[in-house]
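Subject: Structure for you to look at, with notes

Dear colleague,

I am handing over the structure below, and my notes on it follow. Please read them with the sequence and the model open beside you.

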Amino acid sequence: MKKVIAKTIAKVAKKTATKSANSTCLFYFYQPKEPKAVKKLRKF
């Protein structure tokens, strides 16, 4: 059961990171630094 929960959390975290990598912050002057691993998830 713990393995199933861990896999689900990992999938959700990856989807969230991908969505974050492909979007920008609403505040134009506040763009937080992205880690290199998250930059690799970009689609463009």
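Does Ile5 count as buried, partly exposed or exposed, and what is its relative accessibility? At 45% relative accessibility, Ile5 counts as partly exposed, where buried means under 20% relative accessible area, exposed means over 50%, and partly exposed lies in between, with a 1.4 Å probe and protein chains only.

Before going further, please keep in mind that this is a predicted model, in which local features need pLDDT of at least 70 and side-chain atom pairs count only at pLDDT 80 or more, while totals for chains, interfaces and linings use all residues. Residues are numbered from 1 along each chain as its sequence is written, and side-chain values use heavy atoms, with hydrogens and water left out.

Overall picture

The protein has 2 helices and 0 strands, these being DSSP runs numbered from the N terminus (H or I, at least four residues, for helices; E, at least two, for strands). Its C-alpha trace spans about 45 × 20 × 15 Å along the principal axes. Of its 44 residues, 7% count as buried. The protein exposes about 4,700 Å², of which carbon and sulfur atoms supply 67%; accessible areas come from the Shrake-Rupley method with a 1.4 Å probe, and for residues only the protein chains shown count as cover.

Helix H1

Helix H1 covers residues 2-21 and includes Thr18. Thr18 is buried, with a relative accessible area of 18%, and its side chain reaches the backbone oxygen of Lys14 at 2.9 Å. Leaving aside neighbours within four places in sequence, Thr18 is in contact with Leu41 and Lys43, contact meaning heavy atoms within 4.5 Å.

Lys19 also has its place in helix H1, but Lys19 is exposed, with a relative accessible area of 65%. Between the C-alpha atoms of Lys19 and Lys43 there are 9.7 Å in space, although the two are 24 residues apart in sequence.

Ile5, with which I began, lies in helix H1, and together with Met1 and Ile9 it forms a nonpolar patch on the surface, with about 370 Å² of accessible area.

Thr8 is another residue of helix H1, and at 42% relative accessibility Thr8 counts as partly exposed.

The loop between H1 and H2

Helix H2 takes in residues 36-39, and Pro32 lies in the loop between H1 and H2. Pro32 counts as partly exposed at 47% relative accessibility, and its C-alpha atom is separated by 13 Å from that of Asn22, 10 residues apart along the chain.

Phe27 lies in this loop between H1 and H2 too, and at 62% relative accessibility Phe27 counts as exposed. The C-alpha atoms of Phe27 and Ala6 are separated by 33 Å, the two residues being 21 apart along the chain.

Conventions. Polar contact = N/O pair within 3.5 Å; in protein donor to acceptor, adjacent residues only side chain to side chain. Patch = residues over 30% accessible without salt bridge, like charges linked within 9 Å, V, L, I, M, F, W, Y side chains within 5 Å. Salt bridge = Lys/Arg side-chain N within 4 Å of Asp/Glu carboxyl O.
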